[in-house]
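Here are my notes on the model you sent over. Have the structure open while you read, and work through the points in order.

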Amino acid sequence: MAVDFSTAAPVRPRASTGRPLSRGAAISLLVLGALLTVLPFYFMFVFSTHSRGEIFNLPPPVWFGQHAATNYDSLLARMPFWRNLWNSLYLAIMSTGSTLFFCSLAGYAFAMYTFRFREQLFGVVLATLLIPGALNIVPFALMMQALGWIDAPRSLWVPGMAGAFGIFLMRQYIGSAIPRELVEAARIDGCTEFGIYRRIIVPLCGPALATLGLVTFIASWNNFLGPLIIFRSAQTYPAALALRSLQGLVNTDWGALLVGVVLTVVPLLIVFVFASRQLIAGLTAGATKG
Amino acid sequence: MQASATAPPRPRPSLGTRWEVFQRRYAPYIFISPFFILFLVFGLFPILFSLYLSFHQWQPASGLGSMKFIGWRNFTDNLTDPTFWQSLRNTGVIALESGVPQHLMAIPLAFAIHTSLKKVQGLVTALYFLPYITSVVAISIIFVTLFSWQYGVINVALNALHQLPLIGGLFPAEKINWLGNRDFIQPAVASVVVWKYVGWNTVLYLSGIQAIPADLYEAASVDGATTRQSFRFITLPLLRPIMFVAITLTLIGNLQLFEEPFILAGDSGGIGNRALTTVMYMFRTYNFYGDAGLAAAMSWLLFILIGALTLVNNRVFGKSRLSGND
């Protein structure tokens, strides 16, 4: 904390800085919490290297075992899991790419132009954030059935291409980070409006695009309810749905299942290691910058 | 592009100029149109259709022609269905059992991070945030193994803690059948939800705490305020807006809980239907019973409940500080 009376004023040895906990208590609380947070991930890795019989044994395994390879083979015998991971990746790429384009375009319009009904239209965009997703489950399923989009990946990325959250995020960033004079200058130089977007806005939006991209990618990768409604065959399952269908089998091979869990979780862990700061900022932006 | 404008006074605008004027004038509308087109097609229309559907009897499998208007029947059927009420009760219990601890844990954690960590603050925050970005399906599958009755790590750990002197009595001596006992399945589901969202809430509260200017505490401390007093009279009031946002998000999310119980307890809702949430029951009504009208009506009943509770929450915690103008 910035307040540091302790050296100057012996009268008040510990300046109160709004801390309700002593430092020792705080650190032990944090260590305990961190342990509880990390342990399930640890056991995920450990169990993926054990056979079903070893996982369900007393005491349960706490260190890595010998069965990683057999579990992996058993996983691939039950499920085309690389295909499933590819399906997840494809969905995530399509949804991220289209979201970045449409949301930055709309965010640019809301941030940089003055036009009739701008505030009202932006109000509509924000209002759609308040619609609970549960309301859309049944009609979404019916609609995709009617369109013949069952088993088609586009049913999951097309509807959300221009999502309100992304538009909000991009508008905030463009409005605060890009000077209007720059846009004006480009316009006087004869740049078309889309040209301004492409040559001025996009290159200057790097950080916001990265944040929105990560958020969208992760949301798509982890999506479960959407694929549960849409996909009907193991070949088209994304990873999360493939895991669920493996778990549903009688005599679940838990070792194999946990190898699948590891393969699904690790890519995101890697992304998170490199981009956690940006990601946390992006994910909480809607809540903290409202 | 400007060349065509040098023609004699007031000519018929050339095609180039007309395009020029058109794109300048309508660009913003064109740029925002994808959102509105997609929202009309995939947002508004389905929701209105669902409202229409909720007053009809319809098995989608037998075609559009079989749709029959039945007035409020779907709503009254739901409201007289004991399983629907049970699903609401389950949702409410799990929402409370997971929602309250989340915030009671997140606030002290945020304080601990803010006041006791300097260099590793980002690292620790990221660690706590990790469960939030992990697939719920993956998490739930891991927890199914951890919750296992005879061999699960959680029971083994609890039994070990029971052996401890002094505090041992706080922990159960018997192994608990977490996912197979009707009294324990709800706390089990709730604890997974807590595990997943504590970090998220911690980050929200941390951002709120960091936004409080340090000189406020300085001034209070000069005026002789104790730590407890500055917490009570500075921190808590200034944390209120973020508390409101965090609680609203928890409320709306928890009332629509689906994935965690779906994986942990199975699509049937677990022992005695105790983990059958309303969204799960709605999904089952549509997917397995094929009754789209009844399921649509159920989603509207849930919507009304969410809306009502959000309003109550607004009254209690918020000063109508909805995100709008920044």
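Helices here are DSSP runs of H or I with at least four residues, strands are runs of E with at least two, and both are numbered from the N terminus. This is a predicted model, where local features need pLDDT of at least 70, side-chain atom pairs count only at pLDDT 80 or more, and totals for chains, interfaces and linings use all residues. As for bookkeeping, residues are numbered from 1 along each chain as its sequence is written, chains are lettered from A and ligands numbered from 1 in the order in which they are written, and side-chain values use heavy atoms, with hydrogens and water left out.

1. Start with A:Arg187, which you'll find in helix H9 (residues 180-188) of chain A. Is A:Arg187 buried or exposed? A:Arg187 counts as buried because its relative accessibility is 18%, and the cut-offs are under 20% relative accessible area for buried, over 50% for exposed and partly exposed in between, using a 1.4 Å probe and protein chains only. Contact means heavy atoms within 4.5 Å. Leaving aside neighbours within four places in sequence, A:Arg187 is in contact with A:Tyr108, A:Tyr113, A:Glu193, A:Ile196 and, over in chain B, B:Arg24.

2. Next, look at how two helices of chain A pack. Helix H4 (residues 81-112) of chain A and helix H13 (residues 239-247) of chain A have axes 7 Å apart and an angle of about 140 degrees. Axes are lines fitted to C-alpha atoms, for helices over the stretch in contact, and angles run from 0 to 180 degrees between N-to-C directions. That angle makes H4(A) oblique to H13(A); the classes are roughly parallel under 35 degrees, roughly antiparallel over 145, roughly perpendicular from 65 to 115, and oblique for the rest. On the H4(A) side, A:Phe81, A:Asn84, A:Leu85 and A:Ser88 meet A:Ala239, A:Ala242 and A:Leu243 of H13(A). Sorted by class, this contact has 5 nonpolar, 2 polar and no charged residues. Here Ala, Val, Leu, Ile, Met, Phe, Trp, Tyr, Cys and Pro count as nonpolar, Asp, Glu, Lys and Arg as charged, and the others, Gly among them, as polar.

3. Now cross between the chains. Which way do helix H1 (residues 23-47) of chain A and helix H5 (residues 136-146) of chain B cross? Their axes come within 10 Å and cross at roughly 80 degrees, so H1(A) is roughly perpendicular to H5(B). The residues that meet are A:Pro40, A:Phe43, A:Met44 and A:Phe47 from H1(A), and B:Ile142, B:Phe143, B:Thr145 and B:Leu146 from H5(B). They divide into 7 nonpolar, 1 polar and no charged.

4. These helices turn up again at helix H6 (residues 153-162) of chain B, whose buried residues are B:Val153, B:Asn155, B:Leu158 and B:Asn159. The cover over the buried residues of H6(B) includes H1 of chain A together with H5 of chain B.

5. B:Phe283 sits in helix H11 of chain B and counts as buried, at 5% relative accessibility. Not counting residues up to four places away in sequence, B:Phe283 touches A:Ile137, A:Leu225, A:Leu228 and A:Ile229 from chain A, plus B:Phe258, B:Phe262 and B:Phe288.

6. B:Asn74 is in helix H2 (residues 73-79) of chain B, and B:Asn74 is buried, with a relative accessible area of 3%. What does its side chain reach? The side chain of B:Asn74 reaches the backbone oxygen of B:Ser54 at 2.9 Å, and that of B:His56 at 2.8 Å.

7. The peptide bond from A:Leu58 to A:Pro59 is cis, with omega near -10 degrees, and A:Pro59 lies in the loop between helix H2 (52-55) and helix H3 (68-78) of chain A. A:Asp151 isn't a glycine, yet its phi is positive, near 70 degrees. A:Asp151 is partly exposed, at 26% relative accessible area.

8. Last, the domains of chain B: the assignment gives domain 1 (3-53) and domain 2 (73-317), with bounds that come from an automatic or database domain assignment. Their C-alpha centres lie 44 Å apart.

Key:
Polar contact = N/O pair within 3.5 Å; in protein donor to acceptor, adjacent residues only side chain to side chain.
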